[in-house]
Amino acid sequence: MTWNAALKISYERPIAGREAKAMEVFADALTIYGKLAADGKCAEPEVFHHLVGGGMFMIKCETVEAAVAILELDDVRHMLDEAVFTVEDFDVEIMVTGEQLMSNMSLYTAIGTELGYI
């Protein structure tokens with residue numbers, strides 16, 4: 001499968017007093033994204049963790065639309081909303097990669113050239 005988009009979900013340390021819930025949400029995220037990967041909706045989640053707390057998930061998808069569809073799932077929405085209340089600096093971004101990245105960079109370069117900045 002070709003991955004042209006990714007969800008980047010980043011977080012910092014748990015909010016004081018909410019550490020247990022933060023670990024529960026983390027485990028739920030692994031389960032949810034693992035099931036979505038098993039169903040072919042995305043790649044297995046890649047988790048990167050700082051040595052002293054905080055980190056991020058990267059979940060590759062076939063298209064930007066597929067990434068948006070994952071964010072619209074009820075169990076994902078619920079888990080993301082719980083994360084907002086349990087960790088500091090929680091953020092979700094949709095990023096492009098693969099063929100989509102090259103297409104976006106071509107457009108960026110063309111516009112920069114057109115405007116005289118490149």
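Student: Is serine 10 buried or exposed?
Tutor: In this predicted model, serine 10 counts as buried because its relative accessibility is 16%, and the cut-off for buried is under 20%.

Student: Where is serine 10 placed?
Tutor: Serine 10 lies in strand S1, which covers residues 5-11.

Student: And which residues does serine 10 touch, leaving out those up to four places away in sequence?
Tutor: Serine 10 touches Gly55, Met56, Asp89, Phe90 and Asp91.

Student: What about methionine 102, buried or exposed?
Tutor: Methionine 102 counts as exposed, because its relative accessibility is 52% and the cut-off for exposed is over 50%. Methionine 102 is located in helix H4, residues 98-114.

Student: What does glutamate 82 pair with?
Tutor: Glutamate 82 forms a salt bridge with lysine 21, and the closest N and O atoms are 3.3 Å apart. This pair links distant parts of the chain, since glutamate 82 belongs to helix H3 (residues 74-84) and lysine 21 to helix H1 (residues 19-38), 61 residues apart.

Student: Why does lysine 21 count as partly exposed?
Tutor: Lysine 21 counts as partly exposed because its relative accessibility is 30%, and that class lies between the cut-offs for buried, under 20%, and exposed, over 50%.

Student: Which residues are linked with Lys21 in a network of salt bridges?
Tutor: Glu24 and Glu82 are linked with Lys21 in that network.

Student: How accessible are glutamate 46 and lysine 60?
Tutor: Glutamate 46 is partly exposed at a relative accessible area of 34%, and lysine 60 is partly exposed at 31%.

Student: Which side chain meets aspartate 81 in a salt bridge?
Tutor: The side chain of arginine 77 meets that of aspartate 81, at 3.1 Å from N to O. Both residues lie in helix H3, 4 residues apart, about one turn of the helix. Aspartate 81 is partly exposed with a relative accessible area of 37%, and arginine 77 is partly exposed with a value of 37%.

Student: Stepping back, what is the order of the elements?
Tutor: From the N terminus on, the elements run β-α-β-β-α-α-β-α, and they come to 4 helices and 4 strands.

Student: What does the C-alpha trace span?
Tutor: Along its principal axes, the C-alpha trace spans about 55 × 35 × 25 Å.

Student: And how much of the protein is buried?
Tutor: Buried residues make up 31% of the 118 residues. The protein exposes about 7400 Å², of which carbon and sulfur atoms supply 58%.

Student: Last one: how far apart are the mean positions of the positive and negative charges?
Tutor: The mean positions of the 8 positive and 20 negative charges are 5 Å apart.

Definitions and conventions: Residues are numbered from 1 along each chain as its sequence is written. This is a predicted model: local features need pLDDT of at least 70, side-chain atom pairs count only at pLDDT 80 or more; totals for chains, interfaces and linings use all residues. Side-chain values use heavy atoms; hydrogens and water are left out. Helices (H or I, at least four residues) and strands (E, at least two) are DSSP runs, numbered from the N terminus. Buried means under 20% relative accessible area, exposed over 50%, partly exposed in between (1.4 Å probe, protein chains only). Contact means heavy atoms within 4.5 Å. A salt bridge is a side-chain nitrogen of Lys or Arg within 4 Å of a carboxyl oxygen of Asp or Glu. Accessible areas come from the Shrake-Rupley method with a 1.4 Å probe; for residues, only the protein chains shown count as cover. Lys and Arg count as positive and Asp and Glu as negative; His and the chain ends are not counted. The place of a charge is taken as NZ of Lys, CZ of Arg, CG of Asp or CD of Glu.
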